[in-house]
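Subject: Structure for you to look at

Hi,

Here is the structure I promised to pass on.

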Amino acid sequence: MTLHFLQIAKKLAHDAGKMALHYQEKGFKTETKGAFNNLVTEADHAVEKLIVETIRKNFPDHSILTEESDPIQGASEYKWIIDPIDGTTNFAHGHPMFCISIALIENGKPILGVVEMPTLNETFWAKSGDGAYRNRHRISVSQKSDFKECLLAIGVPYDRGSERAEKSYKMLRGLYEQSRGVRRTGSAVMDLCFVACGRYDGYLEYGLKPWDIAAGKVIVEEAGGMVTNMDGSILNPKEENLLASNGLMHQPLMDFIRAQS
Ligand code: LIP
């Protein structure tokens, strides 16, 4: 059954990626959601409509949670968690770092994740118990275990000036001072996929939403990495303060985070 779900999710993510690229070519309207820097575009809505309608047609009794619309409650044990365009600010500026994220949860447990990166021609995907892949190639996290060997990533929440934003700026400096470098991709989902394939050795961010986390979490864990709360406790989709790593860097990063607070 999960293979069938995976095939539908991969085709849907690919079609959604093509739609997003089409909007980048033809142009689109952009609005703000509350804060001046929290954007949503016409493309976010159109891609979401395509994904929701396709899931409803194939699985009318499944639940759906998406970033830009109200949740849909179904009778079955399955729930899809969708970020139609993750990295919307990048997308709105014509920057190539954005992706489409589709995850499936069965009785509260993530069972598959598909992430389409149309500008990179890369599809990251994983089915629980079967490993993680980038296109046709099996991927795994890095084996780095020392900050001095690491390339890390950090995200900064939209609410500038908040306590968690201040903590993020402080951590950015602290990580920079002891690692090979720190990247701010602007897409939590891409940061997670880059940990899964060893491009990054660790990533942390406050204030994420379930759609920023669900698919990337399955992919990192199936690639041999870890995704938890910043204190190492189990991360459930409602919680927002995320630490992801290759596993070997989890304790050093948790110690670093604790030392910052
Ligand atoms: C974004 C995340 C990013 C985070 C932004 C926002 P969006 O998601 O991918 O990591 O820093 O605050 O949550 O809004 O592009 O889907």
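This is a predicted model: local features need pLDDT of at least 70, side-chain atom pairs count only at pLDDT 80 or more; totals for chains, interfaces and linings use all residues.

**The ligand and its surroundings**

Let's start with where the ligand is: it sits in the largest pocket. There are 14 residues around the ligand, and those that come nearest are Asp86, Gly87, Thr88, Ala188 and Glu205. If you sort the shell around the ligand by class, you get six charged residues, four polar ones and four nonpolar ones. Strand E4, which covers residues 78–86, supplies the largest share of that shell, with three residues.

Thr88 has a backbone N or O atom 2.8 Å from an oxygen atom of the ligand. For Val156, a backbone N or O atom is again involved, this time 3.5 Å from an oxygen atom of the ligand. Tyr158 uses its side chain: a polar atom there lies 2.9 Å from a ligand oxygen atom. As for how much of the ligand is covered, the ligand taken alone exposes 380 Å², and the protein buries 95% of that.

**Helix H5**

Ala188, one of the residues that come nearest to the ligand, also belongs to the buried residues of helix H5. How many of the nine residues of H5 are buried? Nine of the nine, so this helix (residues 188–196) is largely enclosed by the rest of the structure. Besides Ala188, the buried residues include Val189, Met190, Asp191, Leu192, Cys193 and Phe194, and Val195 and Ala196 are on that list as well. Just after H5 you'll come to Gly198, which takes a positive phi of about 85°.

**Two asparagines with positive phi**

Most residues other than glycine have a negative phi. Asn107 isn't a glycine, yet its phi is positive, about 50°. You'll find Asn107 in the loop between strand E5 (99–106) and strand E6 (109–117). Is Asn107 buried or exposed? Its relative accessible area is 62%, over the 50% cut-off, so Asn107 is exposed.

Asn121 has a positive phi of about 50° too, and is not a glycine either. The loop between E6 and E7 is where Asn121 sits. With a relative accessible area of 64%, Asn121 is exposed.

Lys127 is part of strand E7, which spans residues 122–127. Lys127 has a relative accessible area of 16%, and because that is under 20%, this lysine counts as buried. What does the side chain of Lys127 contact? It makes a polar contact with the side chain of Asp130, at 2.5 Å.

Asn229 is in strand E13. This asparagine is buried, with a relative accessible area of 11%. Its side chain reaches the backbone oxygen of Ile234 at 3.4 Å.

**Residues that are apart in the chain**

A few pairs of residues are handy for finding your way around the fold.

- Thr2 is in helix H1 (residues 2–26) and is partly exposed, with a relative accessible area of 24%. Thr2 and Ile111 are 109 residues apart along the chain, and their C-alpha atoms are separated by 7.9 Å.
- Gly207 lies in the loop between strand E12 (202–205) and helix H6 (210–222). Gly207 counts as buried, at 17% relative accessibility.
- Gly232 is in the loop between strand E13 (226–229) and strand E14 (242–245). Gly232 is partly exposed, with a relative accessible area of 28%. Its C-alpha atom and that of Ala244, twelve residues apart along the chain, are separated by 9.6 Å.

Cheers

Notes. Residues are numbered from 1 along each chain as its sequence is written. Side-chain values use heavy atoms; hydrogens and water are left out. A residue is near a molecule or strand if one of its heavy atoms lies within 4 Å of it. A polar contact is a pair of N or O atoms within 3.5 Å; within protein, one must be able to donate a hydrogen and the other to accept it, and residues adjacent in sequence count only if both atoms are side-chain atoms. Accessible areas come from the Shrake-Rupley method with a 1.4 Å probe; for residues, only the protein chains shown count as cover. On a 1 Å grid over the protein atoms alone, a cavity is a set of points where a 1.4 Å probe fits but cannot get out, and a pocket is an open set with protein on both sides within 12 Å along at least five of seven lines; lining residues have an atom within 4 Å of a point. A molecule sits in a cavity or pocket if more than half of its atoms lie within 2 Å of its grid points. Helices (H or I, at least four residues) and strands (E, at least two) are DSSP runs, numbered from the N terminus. Ala, Val, Leu, Ile, Met, Phe, Trp, Tyr, Cys and Pro count as nonpolar, Asp, Glu, Lys and Arg as charged, and the others, Gly among them, as polar. Buried means under 20% relative accessible area, exposed over 50%, partly exposed in between (1.4 Å probe, protein chains only).
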